[in-house]
Amino acid sequence: MSAAGTHVLVTGAAGFIGSSLCDALRARGDEVTGLDNFDPYYDRALKEANLAALRRDPGFTLVEGDLLDRAALDAALARGARKVVHLAALAGVRPSLAEPLRYLRVNVEGTANLLEACLRAGVEELVCASSSSVYGARSRVPFSEEDPCDRPASPYAASKKATEVVAATYVHLHAALRIACLRYFTVYGPRQRPEMAIHRFVRLALEGRPLPVFGDGGSGRDYTFIDDIVAGTLAALDRLRSMPEPFRIYNLGGAQPVLLRELCAAIGEATGRRLELAAQPEQQGDVPITAADVARAGAELGYAPRVPLREGLARFVAWYRQV
Ligand code: NAD
């Protein structure tokens, strides 16, 4: 557990994972500064809804600013955070194919900018979001942190791998730094980004519209419920000083890959609708399967995914129906 009163800067605080993490940090008594620029990738109103309770909480402050803006980062860190969880990024594989340069700039240069600001502010402990996409189009499962991953399949994946490399370089050069990079595997749950498959499929199912299924429905994803991701992220934040190395990578996954056609069937059950599937061609940038080996996270962080897909989908649908 954290020492009471730790002050944490969370970048990407208005987003899906960021706002959920800020809620959890506040619930255990940490002070939180959030940074977000409300990137228009999806509607600001959804992000404001994510922040609604936090905005009323005196232990939370939001700095509206851009990762690429040195002054905004200095101002955010000047509020006194001693640890950082870096979640701000342009997320999403497919849009990165259309805007590779912007993805690389925000995700890679933005991370370096944040690390420089941390050095200026004397902040030594960071957790950074990486992604299962760094493993590329591999078919040998499960994916372990020691597997080679130098063949990303999209600019987004490349930007996440580069984020890890930049973080490792800073740790090499600055002995005081401790950084954990967390490879999140397809996260879902309340507040999930609206373009992600589960959110989109539930919306379409409830509207009685066909679900676009890419390829033959045989691609597999390791879906991870948001509460498990938040628990793993808090565990990493609390254990930065006890990691076996000052730079460490951890997979955080559900450890139960599900085929796309199985996901569709489970969404049919969770929504109580008969689904129509509309076959679509394979998408460039997509990978055939993701599957996390979570042994390291289990041994070193005490991480264990607890929410199975059916329960997580039921909780997502319940949330979706009331927003
Ligand atoms: P999200 O888009 O909901 O949240 C990201 C937030 O970052 C947004 O609120 C956005 O406005 C903010 N942001 C973007 N560019 C910024 C900039 N230049 N300056 C300041 N803020 C900026 O996405 P999410 O799903 O919550 O993802 C959070 C992190 O987790 C990202 O780093 C993402 O790559 C990573 N990740 C997510 C998943 C997933 O399944 N959701 C999987 C793997 C990795």
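In this predicted model, three elements each supply at least two residues of the shell around the ligand: helix H1 (16-27), strand E5 (125-131) and helix H6 (155-173). Strand E5 gives the most, with three residues. The shell holds 28 residues in total. They divide into 15 nonpolar, seven polar and six charged. Asp 36, Tyr 42, Tyr 156, Lys 160 and Val 187 come nearest to the ligand.

A polar backbone atom of Phe 16 is 2.9 Å from an oxygen atom of the ligand. For Leu 87, a backbone N or O atom lies 2.9 Å from a ligand oxygen atom. Asn 37 uses its side chain: a polar atom there lies 3.2 Å from a nitrogen atom of the ligand. Taken alone, the ligand exposes 820 Å², and the protein buries 98% of that area.

Is Asn 251 buried or exposed? Its relative accessible area is 0%, under the 20% cut-off, so Asn 251 counts as buried.

Contacts of Asn 251 reach well along the chain. Arg 183 is 68 residues away in sequence, yet the C-alpha atoms of Asn 251 and Arg 183 are separated by 4.7 Å. Beyond its neighbours within four places in sequence, Asn 251 is in contact with several residues, including Phe 143, Ser 144, Glu 145, Phe 185 and Val 294.

How values were computed
Residues numbered from 1 in each chain as written. Predicted model: local features only at pLDDT ≥ 70, side-chain atom pairs only at ≥ 80, totals over all residues. Heavy atoms only, no water. Buried < 20%, exposed > 50% of the residue type's maximum accessible area, 1.4 Å probe, protein only. Contact = heavy atoms within 4.5 Å. Near = heavy atom within 4 Å. Polar contact = N/O pair within 3.5 Å; in protein donor to acceptor, adjacent residues only side chain to side chain. Areas by Shrake-Rupley, 256 points an atom, 1.4 Å probe, with all protein chains shown as cover. Helix = DSSP H or I, 4+ residues; strand = E, 2+ residues; numbered from the N terminus. Nonpolar A, V, L, I, M, F, W, Y, C, P; charged D, E, K, R; others polar.
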